[in-house]
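Subject: Structure handover

Hello,

Here is the structure you asked for, followed by notes on what was found in it. Please read the notes with the structure open.

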Amino acid sequence: MLYYLLQTVIFQVLFLVLYDVFHKKDTFFTWNRLYLIITPLLSLVLPFIKIEAFRNQTSQVYVTKLERVITISSENLVVLGTTGIDQNPTNWWLVLYCAGAGLSLLLLILKFYKLNVLKTVSFKTDLNNKRIVTLPNSNQAFSFWNSIYLGDALSEAEKKQILIHEIVHVEQKHSLDQVWFELLKIALWWNPIIHIYQSRITILHEYIADATVIATIDKQNYIEQLLNVTFQTQEITFVNQFFNQSLIKKRILMLQKSKSKTIAKFKYLLLIPVIAGILVYTSCNEESNQLTNTIENSKNNESSDYSNSSISHEPQCPNQQSSYNKNLDNYLKVRNGKSSEAILDIISTETSERIRTIHFFKNQTFFVRNIPEGKYTINIKYGDNYAEKTVDGVCIAYFKDEKNK
């Protein structure tokens with residue numbers, strides 16, 4: 001799970017860098033809006049997409065990495081007893097995650113509560129199916145959902161221009177974008193990249209509304225209004241604020257910018273090789289973790305009999321001479337992929353003796369336990385239709401349909 005979360009953050013950073021370098025300064029506001037909404041979702045989904053063709057291309061390289069010497073030493077082992085072991089330990093990572101998500105949800109509820117209080121204490125009117133909320137003793141201006149909030153200290157000329165601006169926010173459902181990122185901030189409260197995404201979508205909303213306004217009124221007067229007005233802001237991050245001090249300069253610069261050339265839209269095609277590269281990584285990464293072998297310290301309170309071949313998937317016939325030292329709690333962790341079955345032989349480099357043979361089904365993880373101390377190499381065969389035969393009095397395992405990898 002932690003590895004998945006790290007992947008999502010890396011992919012989001014990659015998408016944001018791509019946006020900031022190639023798209024942020026363009027006037028293709030609708031395209032940029034779609035980009036900012038979709039790419040966080042892509043970063044959550046892409047780690048689960050595995051392309052079989054990419055996996056098959058990497059099998060040979062992967063097997064080469066596996067055939068190496070493995071050292072098992074009792075110095076790294078942990079001898080365990082059954083006394084005092086917590087059978088159901090508390091998952092503190094899950095507790096921390098739920099606490100953070102709960103706090104984030106509480107903050108979102110508090111923001112909605114503030115909006116409800118403002119609406120309750122203010123005078124309300126309707127204009128073309130939109131609710132106009134007049135804020136007493138205020139010069140604020142913002143919108144959320146189907147409501148536009150205007151301070152009564154604003155002049156009539158200001159209200160007229162602001163209404164045109166905020167109506168764009170309402171009609172284009174910009175609040176849905178903001179709520180989407182608020183939900184992401186709950187689910188991914190630990191991820192600062194989501195806050196950066198929300199800041200990008202917020203300024204983009206202002207660009208969209210400003211571009212609509214200057215099509216109906218004088219651009220210079222509109223810019224002067226942004227420069228000259230005295231304003232404050234509400235600490236409700238997901239509303240579309242007209243007078244947001246941190247965004248004013250960026251909005252003015254964008255208003256003075258010429259429209260981007262149509263050919264610049266081809267820059268969005270850069271997303272294709274980026275996604276393709278991510279898919280290659282996620283697909284090959286799973287394959288690179290197939291049949292990985294690591295010696296780990298094991299804390300295992302299971303009472304299973306590991307010499308039982310029906311439990312361990314260690315065939316009885318090739319393992320007739322195998323020894324199981326149950327005083328050792330070490331294990332070799334091995335995972336097989338989805339393309340074929342595998343037979344793994346553990347061979348001592350000192351005596352050339354085969355210590356253990358394991359038959360792996362497709363997409364199976366197994367722990368080869370109780371391996372004596374020593375140095376070993378691993379031989380792997382791939383195929384289907386597992387079978388056994390006796391050669392020179394020795395029982396060996398093989399595949400009727402063997403695959404060369």
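Helix H5 (residues 92–121) packs with helix H7 (residues 174–187) at an angle of about 150 degrees, and their axes are 7 Å apart. Because angles over 145 degrees count as roughly antiparallel, H5 and H7 are classed as roughly antiparallel to each other. On the H5 side the contact is made by Tyr97, Ala101, Ser104, Leu105, Leu108 and Lys111. H7 contributes Glu182, Lys185, Ile186 and Ala187. Sorted by class, this contact has six nonpolar residues, one polar residue and three charged residues. Please bear in mind throughout that this is a predicted model.

Next, the aromatic rings. The structure holds 11 aromatic pairs. In one of them, Phe181 with Tyr197, the ring centres are 6.1 Å apart and the planes are at 20 degrees, so the pair is stacked. The cut-off here is that planes under 30 degrees apart count as stacked. Phe181 belongs to helix H7 and Tyr197 to helix H8, so the pair ties together parts that are 16 residues apart in sequence. Are these two residues buried or exposed? Phe181 is buried, at a relative accessible area of 0%, and Tyr197 is buried as well, also at 0%. Elsewhere, ring pairs link Phe28, Trp31 and Tyr268 into a cluster.

Helix H8 (residues 192–213) also holds Ser199. Which backbone oxygen lies 2.6 Å from a polar atom of the Ser199 side chain? That oxygen belongs to Ile196. Ser199 has a relative accessibility of 34% and counts as partly exposed. Its C-alpha atom is separated by 9.8 Å from that of Leu247, a residue 48 positions away along the chain.

Last, a loop to look at when you check the backbone. Most residues other than glycine have a negative phi. Asn128 is not a glycine, yet it has a positive phi of about 50 degrees. Asn128 is found in the loop between strand E2 (123–127) and strand E3 (130–135). Asn129 lies in the loop between E2 and E3 too, and its phi is also positive, near 65 degrees. Both residues are on the outside by the accessibility figures: Asn128 counts as exposed at 60% relative accessibility, and Asn129 is exposed with a relative accessible area of 72%.

Regards

How values were computed: Residues are numbered from 1 along each chain as its sequence is written. This is a predicted model: local features need pLDDT of at least 70, side-chain atom pairs count only at pLDDT 80 or more; totals for chains, interfaces and linings use all residues. Side-chain values use heavy atoms; hydrogens and water are left out. Helices (H or I, at least four residues) and strands (E, at least two) are DSSP runs, numbered from the N terminus. Buried means under 20% relative accessible area, exposed over 50%, partly exposed in between (1.4 Å probe, protein chains only). A polar contact is a pair of N or O atoms within 3.5 Å; within protein, one must be able to donate a hydrogen and the other to accept it, and residues adjacent in sequence count only if both atoms are side-chain atoms. Axes are lines fitted to C-alpha atoms, for helices over the stretch in contact, and angles run from 0 to 180 degrees between N-to-C directions. Angles under 35 degrees count as roughly parallel, over 145 as roughly antiparallel, 65 to 115 as roughly perpendicular and the rest as oblique. Contact means heavy atoms within 4.5 Å. Ala, Val, Leu, Ile, Met, Phe, Trp, Tyr, Cys and Pro count as nonpolar, Asp, Glu, Lys and Arg as charged, and the others, Gly among them, as polar. Rings of Phe, Tyr and Trp (its six-membered ring) pair if their centres lie within 6.5 Å; planes under 30 degrees apart count as stacked, over 60 as edge-to-face and the rest as tilted.
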